[in-house]
Amino acid sequence: MGIAFDYAPDRPEYIEAILNGLDRYNPETTTVFQDYVTQQCEDRTYDCYANLALLKLYQFNPHLTRDEPTTNILVKALTVFPSPDFSLLLHLLPPHILTPTTNPPLSSGPTPSASDAPLSESVQKLSLLNTLLEQANYSAFWATLDSDDLYADLIADVNGFEELMRVRIASCVGQGCREVERGVCEGWLNLSGREFEGFVTDICGWGVDDGSEGVTAVVRIPVNKENEAKGTVVREEVRFDQFSRVIRRAYEQPA
């Protein structure tokens, strides 16, 4: 059997009690869920079910909505891609938040921080990161993340965000590749030199070929059940009685 959607191994008992009782819809528990989001960001745990409950409370009580927990929830969802959690959480936000901001700023001052920027702008930026991850455009993901100070503010509360993203990207690469050019892999992981070599060998368990003159250096990924090439034989079985019925219908049709 698969893992239940609402399962979170690190969920505290008091959160479990709230989720399984009527207090889940009590506005007074909003602050409890918000503190729990902060805890997830600090200790690198993740509880999508509890985060959904907080966004649902925001739906019922718009006056209680806070931007920081909302963006932190979305950032945490990025760290578990390629799961559909980000899109699921996004659909609990009000329509005006999902609409891109169209009015340009009146002055060309510095980029506002996450606490000052409109929530819709922050959500749009995080949605862009999610789209790049879904497209497996990992190099563009890192370039976009480094392109705006607002991104740095948005991920600041999530402890080890970049490390978590590298692990997730490496996991996806390991499921679909057996060999990758070193330069390409460095771009995907946003690492280079010895830092890159240490990550792929110690964390991922991959091999790195230095290459020689005229030979491109590559990263070799061990065979696993996901990246192993398997031949597939497709067999179609048609019984004689099925074939005869088709011929009979064709024969009985009027000319």
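Reader: How are α7 and α8 oriented to each other, roughly parallel or roughly antiparallel?
Author: In this predicted model, local features need pLDDT of at least 70, side-chain atom pairs count only at pLDDT 80 or more, and totals for chains, interfaces and linings use all residues. Residues are numbered from 1 along each chain as its sequence is written, and side-chain values use heavy atoms, without hydrogens and water. The axes (lines fitted to C-alpha atoms, for helices over the stretch in contact, with angles from 0 to 180 degrees between N-to-C directions) of α7 (residues 119–134) and α8 (residues 138–145) come within 8 Å and cross at roughly 160 degrees. Angles over 145 degrees count as roughly antiparallel, and α7 and α8 are therefore roughly antiparallel.

Reader: In what order do the 3 strands form the open sheet?
Author: Strands are DSSP runs (E, at least two residues), and helices are runs of H or I with at least four, numbered from the N terminus. Two strands pair if DSSP finds at least two bridges between them. The edge strands, pairing on one side only, are β1 (179–181) and β2 (207–209). The pairing is antiparallel and the order is β1-β3-β2.

Reader: Which helix packs on the sheet?
Author: The helix touches β1, β2 and β3, and its direction makes about 85 degrees with that of β1. This helix, residues 182–189, is α11.

Conventions
Angles under 35 degrees count as roughly parallel, over 145 as roughly antiparallel, 65 to 115 as roughly perpendicular and the rest as oblique. Contact means heavy atoms within 4.5 Å.
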